[in-house]
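Hi,

Here is the model I promised to pass on.

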Amino acid sequence: MAGLVAAAVQTPKVVDAVVIMCMGADKIREIMLAAHRQRLTNSKYMFFNVELFNASSYGNGSWKRGDKYDNDARQAYASLNTVTLLRTVKPEFENFSMEMKKSIKKAGFHDCKDCGSVNMFVEGFHDAMLLYAIALHEAMKNGYSKKNGTEITSRMWNRTFEGIAGQVSMDVNGDRNGDFSLMAMTNVEAGTYEVVANYFGVNGTFQLLPAFKADHFTLSERFKAHTEIPDKSCGLGVSALTGVIVGAVLGAAMLIAFYFFRKNYRITIERRTHSEECDTRKHRQLREDSIRSNFSAA
């Protein structure tokens, strides 16, 4: 996902001008409206939102709320790019989505705002179960027991199969290679989004679609010139920051050392006190025994 964002940005030196967010649609709208009021959406900053739902919400007017801020939101979202799961048009995924929605409705979650979309983790869980079933079938077909977890697990690694939303690729360590899509507003007047690029994790390739516009992902020359002003602080800022960090580390070390010293000192005192009390009791007992023996002898 990070590779997708990095490949989209044509000016990687200006990293401070790239804002990456991951939160609910309402919060994203508030942030984009605030950025628009501060005039940060006029090619000075590049905004990316990581969308956890493989749905068409951002291509269906997610900026629209029917309030007085809709027009500003539409203009602000022209600077917002959305990273989501690889977009798919497979009929299987559409059927899967419909079945999920029916299940949610049947369960009675009527107040769920995001239930109209299929969560990427639900999709991933479905593909994980499918992968397990494939590996289990192969293991048992080759004479292994269904309880042989090592054999079943090894058959999940380094393989590719067709998942509910598209091709699923597992690497040699058993991790899934993620495939993502990059969406951008291609029609500002209508406020509609579409996929402009795809990223395929299996080979790390970046596919630019016809709707991709390089200038949309290029920061303004004026802002680049401003950010490339040489630093005249002679490194004092970095030195000050380093001093603060070192001081904080040393202070924490001293507090920890004091804590352990105090703890050990208290334990030592308690042990010494306990030992002295035991010696006192023993000495008193010896004296009493001595007195009793003297009286008995008398």
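First, the ground rules. This is a predicted model, so local features need pLDDT of at least 70 and side-chain atom pairs count only at pLDDT 80 or more, while totals for chains, interfaces and linings use all residues. Residues are numbered from 1 along each chain as its sequence is written, and side-chain values use heavy atoms, with hydrogens and water left out.

On confidence: pLDDT is the predictor's confidence in each residue, from 0 to 100. The protein chain has a mean pLDDT of 74, with 60% of its residues at 70 or more. Over residues 10–15 the value is below 50, and that stretch has eleven contacts in the model beyond near neighbours in sequence (a contact means heavy atoms within 4.5 Å). Residues 221–249 also stay under 50, and for them the model has nine contacts beyond four places in sequence.

Overall, the protein chain has eight helices and nine strands. These are DSSP runs numbered from the N terminus, with H or I and at least four residues for helices, and E and at least two for strands. Of its 298 residues, 31% count as buried, that is, under 20% relative accessible area with a 1.4 Å probe, protein chains only (exposed is over 50%, partly exposed in between). Among contacts with a separation of 6 or more, 63% are between residues 24 or more positions apart.

Now the cores. A nonpolar core here is a set of buried Ala, Val, Leu, Ile, Met, Phe, Trp, Tyr and Cys residues joined through side-chain atoms within 4.5 Å. The largest one has 16 residues, and Met32, Tyr77 and Leu80 have the most contacts inside it. Helix H2 (25–37), helix H3 (70–76), strand E7 (179–187) and strand E8 (192–200) each supply at least two of its residues, and H2 gives the most, with four. Leaving out residues up to four places away in sequence, Met32 touches Met21, Thr41, Phe47, Ala76, Tyr77 and Leu80. Another core lies apart from that one and has 13 residues, including Val83, Ala184, Ala197 and Phe217.

On to the strands, where pairing requires that DSSP finds at least two bridges between two strands. E7 and E8 run antiparallel and are joined by eight bridges, with Met185 opposite Tyr193 in E8. They form a hairpin with four residues between them, and Gly191 in the turn has a positive phi of about 75°. E8 is also joined to strand E9 (residues 205–208) by four bridges, again antiparallel; there, Asn198 has Gln207 in E9 as its bridge partner. This pair makes a hairpin too, with four residues between E8 and E9 and a positive phi of about 65° at Gly204 in the turn.

There is also an open sheet of three strands in the order E4-E5-E6, with antiparallel pairing. Strand E4 (159–162) and strand E6 (176–177) are its edges, each pairing on one side only. Four bridges link E4 to strand E5 (residues 167–170), and Phe161 is partnered with Val168 in E5.

Lastly, Arg159, which is found in E4. Its side chain reaches the backbone oxygen of Arg155 at 2.9 Å. Not counting residues up to four places away in sequence, Arg159 touches Leu131, Ile134, Glu138, Val168, Ser169 and Met170.

Cheers

Technical notes:
A polar contact is a pair of N or O atoms within 3.5 Å; within protein, one must be able to donate a hydrogen and the other to accept it, and residues adjacent in sequence count only if both atoms are side-chain atoms.
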